[in-house]
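Work through the exercises below with the model open beside you. Try each task before reading its solution.

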Amino acid sequence: MADLLFTGGPIFAPGSATSLAVRDGRILAVGHDEVRDLAGPATEVVDLRGRLLIPGFQDAHVHAVMGGVELGQCDLTGTVDPEEYLRRVRGYADAHPDAAWIAGGGWAMESFPGGVPGRELLDRVVPDRPVFLINRDHHGAWVNSRALELAGITADTPDPVDGRIDRLPDGTPAGGLQEGAIRLVESLIPAVTPADRLAGLLRAQELLHSLGVTAWQDAMVCATNGYPDVSDAYLAAATDGSLTATVNGALWWDRDRDASQIEELVAKRDRFTTGRLRCDSVKLMLDGVAENFTAAMTASYQDGCGCATGNRGLSFIDPPALARYVTALDALDFQTHFHALGDRAVRDALDAVAAARAANGFRDTRPHLAHLQVVHPDDVPRFRALGATANLQAYWASHEPQMDDLTIPFLDPALAARQYPFGDLRRAGAHLAAGSDWPVTTPDPLQAIHVAVNRSHHGSGRPAFLPGQELDLGTALTAYTAGSAYVNRRDDSGTIRPGHRADLVVLDRDPFAGPAAEIGDTGVAYTYVDGTQVYAAG
């Protein structure tokens, strides 16, 4: 007999189904009325009432601990109004009078002219204590005069090799820090404690379960290069049983070191693989982001007048060295997980995968490239040929101020026309996975799926962004379930079939039954992990 029975609604499974039975955390049977015969006196029956049952969403690129910690700090997400930012900063400062620093983030570049915030704004509301606020893409920070003073940043301070200090015309620091320059101030902030990180993970897990996410890949575990190391939170939660999601941690590649770190990564893989946690992926960050002109492109960025600047972005890892590193990691059965946003970074990543395939043969290491804002047409078919997964952050593929005001005007027109080519990748046979990159943007898979299908944010009223690159709903949903399950090496999940894990989500409607423009209205009613309910809507 079944422990749990779902019936009375459509099921996103191979073939047609309206009933599903679960026993001992696994899917026992999928079908129609005949499955109801598996119900016994102790069986819990869930009436779908026409709502869609799907596999649990799996986020293939997220920073869960980071996002959860930031939810407990000065949270600027959910608005683009500078005055609202300042009200929140002042409110947080008032509520935490003993805090030596006011830290948090979530502001958007679109809120400020040229994407650069001014220190004088923060000085208005917090003049006496240092303020450090990371932006929503985590590639820039906003600081006040006191923070700059404590860091010793003046007009004479040179830019670090991997970043930029935003400046006024006379060279005075303006209040914005980009990429590596963030660390000039961030290094002074009192460290987040292990207890803070664990609380952040559990806070994030609760949020992600409420959005139907049952598993994820954290893209920054055991981080260096100035980024926070969150590995202790995962290890603690996996050990004490409070980790209810299944997590694959991507071990951070230290871009300031060479292949000598690989032996340490092997040791970390062993140490941080326990319970519901495994860490057999390696994250290699190849470039920055387009909005601050650090994403690595094949053509030069343009200035405000449309003239080439000579700047083609940053490559954080030398491409020939990258090929050697990836080949060595692949030989040790590590998955490689690339941050590749510009088309030059995408090409460098694919070249490295090609070198590994040539040296080691086609091993089942499932490399994947995340972000993919610009992909050169010549490289689109290489994903399938090399067995490299396209890891989509679909929510970004939309007209909004950060795209229209801070990106398109400064990209070569040929590059601007190649952004987020989901349709081309699908037509070329690439394997698709999906993730949020939260806390960069919303962790809600349904909002991202809405954009993947409509190429516009839900309710924005803006025209579709590069129509022709959209995905159909079934493909987008599959990317966020089976596609990400493949990337996460969870071959017994991501699809609904007998024997698979009962990681399941009941949506509050059937999005296939309505128009595509209403996909974003869909919410989550229930979330189950291994057949146990971990979320129920209020």
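**Exercise 1: A covered helix**

Task: Find which residues of helix 15 are buried.

Solution: Pro445, Leu446, Gln447, Ala448, Ile449, His450, Val451, Ala452, Val453 and Asn454 of helix 15 are buried. Buried means under 20% relative accessible area, with exposed over 50% and partly exposed in between (1.4 Å probe, protein chains only). Helices (H or I, at least four residues) and strands (E, at least two) are DSSP runs, numbered from the N terminus. Next, look for the cover. It includes strand 6 (57–62), strand 13 (213–221), helix 16 (473–487), strand 20 (504–507) and strand 21 (524–529).

A note on the source: this is a predicted model, where local features need pLDDT of at least 70, side-chain atom pairs count only at pLDDT 80 or more, and totals for chains, interfaces and linings use all residues. Residues are numbered from 1 along each chain as its sequence is written, and side-chain values use heavy atoms, leaving out hydrogens and water.

**Exercise 2: The ends of helix 15, and a histidine**

Task: Inspect both ends of helix 15, then examine histidine 450.

Solution: Start at the N-terminal end. Aspartate 444 caps it, with a side-chain oxygen 3.0 Å from the backbone nitrogen of leucine 446. Just after the helix, arginine 455 has a positive phi of about 55°. Now take histidine 450, which sits in helix 15. Its relative accessible area is 2%, so histidine 450 is buried. Leaving out residues up to four places away in sequence, histidine 450 touches Arg455, Ser456, His457, His458, Ala516, Ala517, Glu518, Ile519 and Gly520. Contact means heavy atoms within 4.5 Å.

**Exercise 3: The core**

Task: Which residues have the most contacts inside the largest nonpolar core?

Solution: They are Trp216, Tyr234, Phe338 and Phe383, in a core of 100 residues. A nonpolar core is a set of buried Ala, Val, Leu, Ile, Met, Phe, Trp, Tyr and Cys residues joined through side-chain atoms within 4.5 Å. Helix 10 (residues 343–360) gives the most to this core, with 7 residues. A second, separate core has 20 residues, among them Ala93, Ala108, Met109 and Leu406.

Definitions and conventions: A polar contact is a pair of N or O atoms within 3.5 Å; within protein, one must be able to donate a hydrogen and the other to accept it, and residues adjacent in sequence count only if both atoms are side-chain atoms.
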